[in-house]
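Biologist: Could you take a close look at one loop of this model, and then follow the neighbouring elements outward from there? Please give the cut-offs as you go.

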Amino acid sequence: MTPALHSPPATITLRQPPRIGFGPGCALECTAELTARGARRILIVLSASARKAAAPVLDALHAQSFELILREGVPPEPTVGDLEKLQSSLAASSETFDAVLGIGGGSVLDVAKLLAALHGQPGSVRTYFGMHLLPPRRVPLICLPSTSGAGSEVSPNAILYDEDAKLKKAVISQWLVPDAAFVDPQLTVTLPPATTAATGIDALSHCLEAYANRAAHPTVDLYALEGIRLLSTSLKKAVRHGADLDARAACALGSLYGGLCLGPVNTAAVHALSYPLGSEFRLAHGLANALLLPHVVRFNLPAAPARYAAIARALGVSAPAGTADETVAALGVEKLFSLNAACGLPSRLSAVGVPSDAIPRMAVDALKITRLLKNNPREVTLADAETIYRAAF
């Protein structure tokens, strides 16, 4: 029986792409999807690191006489300015498009989603920060992830760093959910080990935070626990043997499940506390999550021991029947530390250039992310946030 945070469960709305393709080679199916939607001029937002893996897709599009407008160079932690530069470049060249295809990691897909959603719409993206402020999207949107991490290909979220506010902010809307997503593990096999590790822990944190969440729901629990199981058993192998397609497929499926958790439930304190690390120190989002995840889980244990015990068992903890939930859950924290180490990730904020004098201001900024902190099983005060950062330092 699944341990409940709340009973009976609340109502829930699941918004997912009408078509989700999964498996080796499925990326090529995007050509038929674009044709079926009557698109001919395609804006392709592409991660430079994914260009080699995406070559068969680009070749197939060329072979079917699609007109391609290619944009590369989205940075790992994109800003409002980065998005506006792309919008200006498209306007200056008078290049029109009737569909958007994103191929890349979470940052690239988020930008592709925003370019599609804002096409033909007035105002800056800042107008739409928040929940459900976007008008209906006017062009088809298809996403192909090249990492197993963000889950952006199936989520209603897009994240940018707002330079004016000095904060990461989110646009959340049903119009950011792509019309189709093709999750092809072959697009991930050239991903370097460090990126594989960081994005994999990001996906794991999506699943874990969705399961131990004030808004947890039985429908999403299914995705969350299976995602934890898949990622915890396959990520180390994918990091060490990148060409292992079985490991890559398991990570891709776990990441997809994590993405499906984001819309109806979303994340919590791990993500809220990781945002200042990306905003101020430009730390990759997955790495920031990896550094904080075990410490936030340890902080949260008293608020939901049964939930965290279930997570620990999904992570591979084996304990005799009748073992106290608190004991099993604590072993789960150790599993998270050991998984980070096995994947070659740094274990301390100090090891990635974060100074100790940044902790008080990071804590202040983290507490501004109320849309995520409200989901956390345990209330996080300013003093708590500082304590978690210091534990990770």
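Modeller: Asn 266 is buried, with a relative accessible area of 12%, where buried stands for under 20%, exposed for over 50% and partly exposed for what lies in between, using a 1.4 Å probe and protein chains only. This is a predicted model, in which local features need pLDDT of at least 70 and side-chain atom pairs count only at pLDDT 80 or more, while totals for chains, interfaces and linings use all residues. Residues are numbered from 1 along each chain as its sequence is written, and side-chain values use heavy atoms, with hydrogens and water left out.

Asn 266 sits in the loop between helix 7 and helix 8; helices (H or I, at least four residues) and strands (E, at least two) are DSSP runs, numbered from the N terminus. Although Asn 266 is not a glycine, its phi is positive, at about 80°. Most residues other than glycine have a negative phi. Lys 166, which is also not a glycine, has a positive phi near 55°, but Lys 166 is exposed, with a relative accessible area of 55%, and lies in the loop between strand 7 and strand 8.

Those two strands belong to an open sheet of 3 strands, ordered 5-8-7 with mixed pairing, two strands being paired if DSSP finds at least two bridges between them. Strand 5 (130-131) and strand 7 (157-162) are at the edges with a single partner strand each, so one side of each has no neighbour in the sheet. Strand 7 pairs with strand 8 (residues 167-172) in the antiparallel sense over 6 bridges, and Ile 159 has Ala 170 of strand 8 as its bridge partner. Helix 4 (residues 106-118) packs on the sheet by touching strand 7 and strand 8, its direction making about 100° with that of strand 7. Helix 8 (residues 269-281) packs on the sheet too and touches strand 7 and strand 8, with its direction at about 115° to that of strand 8. Touching is contact, with heavy atoms within 4.5 Å, and the angles, from 0 to 180 degrees, are taken between N-to-C directions of axes fitted to C-alpha atoms, for helices over the stretch in contact.
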